[in-house]
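Colleague: I would like to go through this model with you. Please put it up and I will ask as we go.

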Amino acid sequence: MTIGRGVFIFVVVVTLAFFSYNAQRLVRYMRTVGRPDDRSDNPVTRIRNLILIGFGQTKILRDPVAGSLHALVFWGFVVLTIGTGEIIISGLFPGFSYAMILPGPIYALYTLSQELFALLVLAAVTVLLYRRIVVKPARLQGDKVHSGDAILILSMIGALMVSLLSLGAFEFALHPGSGTIFQPISLALSHALTGLPTWGLEAGRATSWWFHALLILIFLNYLPYSKHLHVLTSLPNTYLSNTSGPGVKGAMSYMDLEAEGVEHFGASDVTQLGWKNLLDSYSCTECGRCTAACPAHITGKLLSPRKIMINTRQRLMELAPLATGDFGEFEHPQLSAGEGGDAGDATATAALQNTLLDNYITEEELWACTSCRACVQECPVSIDQLDIINELRRSLVLMESRFPPEIQPAFESMERNGSPWAFNPGDRGKWAEGMDIPTMAEMIERGERPEVLFWVGCMGSFDDRAKKIAVAFARVLQAAHVRFAILGQEEKCNGDPARRMGNEYLYQMLARDNIETLDRYGVETIVTNCPHCFHQIGNEYPQLGGNYEVIHHSTYIEKLLEENRLPLNGEGKQLTVAYHDSCYLGRYNDVYEAPRETLRRSLPMMTLVEPPRTRSKALCCGAGGGRMWMEETVGKRINAERTEELLATGADVLAVACPFCMTMIGDGVKGQDSDVPVYDISEVVAQQLL
Amino acid sequence: MKIAVCIKRVPDMDVRFKIAAIGNAVDEAGLKFDMNDFDSWAVEAALQIKDRDAATEVVIVSLGTDAVQETIRKALAMGADRGVELKTDHIPFDGLAIARALAAELKDGGYDLVLFGKQSADSSNGVVGAMVGELLGLPLVTAISKLEISGQKGSAKREIEGGQEFVEFPLPAVLTIDQGLNIARYPALKGIMAAKKKPLEVKPAQLGAQTVTVTQMELPPERAPGRIIGEGVAAVPELVRLLQTEAKVL
Ligand code: SF4
Ligand code: SF4
């Protein structure tokens, strides 16, 4: 055995042992501190996510420039890892090469792939470094992110590529004629080395090899100390994510309020979060895509979803060593750094007394969230920031009754009147008076059954502007001779505002009442013009045993139009229309086309224009997550920001498909002193009825 | 310190009432009931004293049918320690009868403070608190909008017509609470869970003889619908004329 080989074996054993030690520590932190959370469901969707989002890099490519560069580095890594294996094995068993086990053509292809990707990755890394150091894009700043860490990692990757290519070059210069055209870059470089003496070439080759092999081992061991831990965690994280597919997208987690022995509802600290939330926190690359898309952040509120993730990781790193008996061992400095931590006081007592809520994340940040899901949508590694926000809100409300005072009347009214506003529940069906719309009770009494139940929602029932939407949609249904009924007085708020504001207790009370009513009438199919009702009843009531087919009116009207069941009035005018996507319709439920198609079919002469942020990138109107009932005093108003974008398209008409968006955009338009009308898509159709 | 808060279960006022068939009561079908708002501020006032002084016990007393247990539990969920239901088959209109039943319960309880809401949202008599003060022979301060208790002394602010009045009183005392003293806390789920395990005693209410009864109830006359006279400046002369001749307000 040569001394070199002996040294290398020693180095490999030591570095792998150290890496395993750190890796098992991080896994143990996550599993000991976090609550159990079952992620074994829906393997097919999970594998699809892994292939598309993980290996296909679809989400990272949503940012075309940085995304392509990153995807290149990622694919390069996947390909070059195969080569890394060869280099490490050849250190342990000198003379080893894949050529010994691979058929010639495949080996040739392999060498070619190594060379090309090494060059591409080197190029990409150079541009990325330029971006970090010179361009400094806004989203990479703030929240005390670790730019130095990123620069170090990028430089290491660059150095790995250079040493990989130089290794080949020295090899071919030493043994002229051994290179093939499948190693074009090393071969070309080797020509530049031909003049050197043999000992020089040998020293060059040995240096390249040792440099490369050692750097790989250093890199591997640096990861558990760096935000680039995502190199290791992002693929499992994507497979295990709940948000981009498995289960129902965007549904809040089920909560058993009667469970024996549960002492804490929601989460005020990392110990009450699930282990997957903690894995999310390891996986955050601090790229800031979430924060750059966050309507609260964009308009100057304190909330930053990236900070939520960094804080979760910081708090885990503070508490976990104590919780697992590791205190005093190697710190993970990069994983523990960021904005919002408990400054400097690292004593064990302080660490035990701190909580994620208050010491790291403030109430103000949490209440600024509109639950728009833009952060979840943008995160390239499928992190669910919103889940943590929701759990913290639950703890605030369920454990401490701590919330902005202005939402208490909404809670009380939902409890007493079944609607977040203090309207007389007896007046719920009033909007339909004189329209010959039967209630479910009346229809059943006549011995009939409706095809569909029209779920009107509190806005459609009580809000003056939204009542017109209810009327318009009812007229559309009548024009198509759809046999439908409403619940009238028996309908209650679907509970979404309570749930999103953290009041799970009130939510379940309302939801169970509604499920009881719906089941009593044997309702199977529900149409609704409100995306919040649509999402809640369709996607979240199943958690409580309510299973119905729920259709949003955009989809329903589109179908009526497609089947030519609506007698329409000619071509309509030549208009430009800008449609504003509702979060609960779009990002939560992937309904993007139906409302647009409804507009196109009912106004054939119309031109649809899109604001820059549209479809899955659309900016929230500002009403979701219970923000409808809260004051907005910090920064610019979200609805003003969104309305400006919509008006800047120059559209003659703004179209929405949600009564909450109607209020927000309607107010926004008034605030701009503009007279551009805002219509619900059902109103556009109703205006065209013969 | 020991505090009793007397609360009443009342129908939610945001609905349109119907008169029951017997003609002297409202039809309770479909009504939602909750704690009287003034009483919830009284509970809050007691809980704020408790928050400052760990030794305080807050006891909730409510007279009515078993349905009041739900209302008592709400006060317990807010943070009160135990409840007493003074059971009757209905809540009488006669304030004195109610006051006697409450006083009988409170008399030997050793309370330093007995708190009431200023009045109930449904019958609006506003007499029970004052009568209890009288029956117990304790200092009475009504319609309090600011309250301070220190040791065995208290001081309070009362809103009176055209001004404010500041009063001092020794403990024990009976107080009735007005709007503006505080905002009642929202019971957290944690409190709701804890309330299920708190003691709630049921005793027969000692109402005694009732002298006042409701004989008949009527809804207020329907308001005449509004009228749109016209729009803009052109409509002003007609509006002025109608306000003078028809409405006779000018
Ligand atoms: S859900 Fe929307 S508002 Fe909330 S943190 Fe994410 S992006 Fe921001
Ligand atoms: S949560 Fe996702 S999108 Fe946000 S900074 Fe971290 S990795 Fe980027």
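Colleague: By class, which residues make up the shell around ligand 1?

Modeller: This is a predicted model, in which local features need pLDDT of at least 70, side-chain atom pairs count only at pLDDT 80 or more, and totals for chains, interfaces and linings use all residues. Residues are numbered from 1 along each chain as its sequence is written, chains are lettered from A and ligands numbered from 1 in the order written, and side-chain values use heavy atoms, without hydrogens and water. Ala, Val, Leu, Ile, Met, Phe, Trp, Tyr, Cys and Pro count as nonpolar, Asp, Glu, Lys and Arg as charged, and the others, Gly among them, as polar. On that basis the shell has 10 nonpolar, two polar and one charged residues.

Colleague: Which of the 13 residues around ligand 1 come nearest?

Modeller: A residue belongs here if one of its heavy atoms lies within 4 Å of the ligand. Of the 13, the nearest are A:C294, A:C369, A:C372, A:R373 and A:C375.

Colleague: How much area is buried between chain B and chain A?

Modeller: Buried area is the accessible area (1.4 Å probe) that two parts lose on being put together, summed over both. Carbon and sulfur atoms give 50% of it, and the total is about 1700 Å².

Colleague: Which residue of chain A meets B:D37 in a salt bridge?

Modeller: A salt bridge needs a side-chain nitrogen of Lys or Arg within 4 Å of a carboxyl oxygen of Asp or Glu. The rule finds four across the interface of chain B and chain A. In one, at 3.6 Å from N to O, the partner of B:D37 is A:R416.
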